[in-house]
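Please read the points below with the model open beside you. They run from the overall build to single residues.

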Amino acid sequence: MHAFISQHSTILLMLSFLFSIVSVIFAVYYSGAYHRLYRRYDFFMRGKDAETLENYIMNLEKHVVRLEDENEANKNSIKAITKNNRTAFQKIGLVRYNAFAGLGGNMSFALAILDYTNSGFVINSVHSQDGCYSYIKDVQAGTTEVELGAEEKLALERALGYKEKDE
């Protein structure tokens, strides 16, 4: 073994020198990392003892709990608004027409008003020389039990989005 060391002493010296350089590089790197971490820790802890740090963390926890409660309340409000919105009338179709030729103007109209589920009603107001007559027909899921007139059908199709106003 002694002969091996004496024959390869130069190689062993170079390997130990290389190992020393790598060790110094790691020591410098980790020393810098330690100082950076210490500066962050010192900045975080500056002006705080264990009691104030505990109060700070407890205040953060209270804040998080309050935010979670507000979030749950907001979710419930959104659900209620969505439920109410589905029952509100939100689709409208209007057709103006001249029920009797020669009376001058499109005084009659058919108006379809529907909710989210396409339920609602169609109002038909017919204007004549003798007066104005209004009729209402129920709509359930986009259909009626009573046959619709051409204008009423067009108003319903507009409310459902099947027809555009200029068609």
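1. Terms and basis. Helices (H or I, at least four residues) and strands (E, at least two) are DSSP runs, numbered from the N terminus. This is a predicted model, in which local features need pLDDT of at least 70 and side-chain atom pairs count only at pLDDT 80 or more, while totals for chains, interfaces and linings use all residues. Residues are numbered from 1 along each chain as its sequence is written, and side-chain values use heavy atoms, with hydrogens and water left out.

2. Fold order. The protein chain has four helices and four strands. Along the sequence they run α-α-α-β-β-β-β-α.

3. Overall dimensions. The radius of gyration of the protein chain is 41 Å, whereas a compact globule of 167 residues would have one near 15 Å. That radius is taken over C-alpha atoms, and the globule rule is 2.2 Å times the number of residues to the power 0.38. Along the principal axes, the C-alpha atoms fill a box of roughly 130 × 50 × 30 Å.

4. Buried residues make up 19% of the 167 in the protein chain. Buried means under 20% relative accessible area, exposed over 50%, and partly exposed in between (1.4 Å probe, protein chains only). Among contacts with a separation of 6 or more, 39% join residues 24 or more positions apart. A contact means heavy atoms within 4.5 Å.

5. Surface. The accessible surface of the protein chain is about 13,400 Å². Carbon and sulfur atoms hold 60% of that surface. The areas come from the Shrake-Rupley method with a 1.4 Å probe; for residues, only the protein chains shown count as cover.

6. Helix 4. Which residues of helix 4 are buried? They are Glu152, Ala155, Leu156, Glu157, Arg158, Ala159 and Leu160. Their cover includes strand 1 (91-97), strand 2, strand 3 and strand 4. Glycine 161 follows helix 4 and has a positive phi, near 90°.

7. A salt bridge here is a side-chain nitrogen of Lys or Arg within 4 Å of a carboxyl oxygen of Asp or Glu. By this rule there are two. In one of them, lysine 137 meets glutamate 152 at 2.8 Å, N to O. Lysine 137 lies in strand 4 and glutamate 152 in helix 4, so the pair ties together parts that are 15 residues apart in sequence. Both lysine 137 and glutamate 152 are buried.

8. Glutamate 70 pairs with arginine 66, and their closest N and O atoms are 2.8 Å apart. Both residues lie in helix 3 (residues 50-87), four residues apart, about one turn of the helix. An α-helix has 3.6 residues a turn, so residues three or four places apart point the same way. Glutamate 70 is partly exposed, with a relative accessible area of 38%. Arginine 66 is partly exposed too, at 39%.

9. Positive phi in loops. Most residues other than glycine have a negative phi. Asparagine 118 has a positive phi of about 65° without being a glycine. Asparagine 118 sits in the loop between strand 2 (108-114) and strand 3 (120-127). Alanine 141 also has a positive phi, near 55°. The place of alanine 141 is the loop between strand 4 (132-139) and helix 4 (150-160). Is alanine 141 buried or exposed? Alanine 141 is exposed, with a relative accessible area of 58%.
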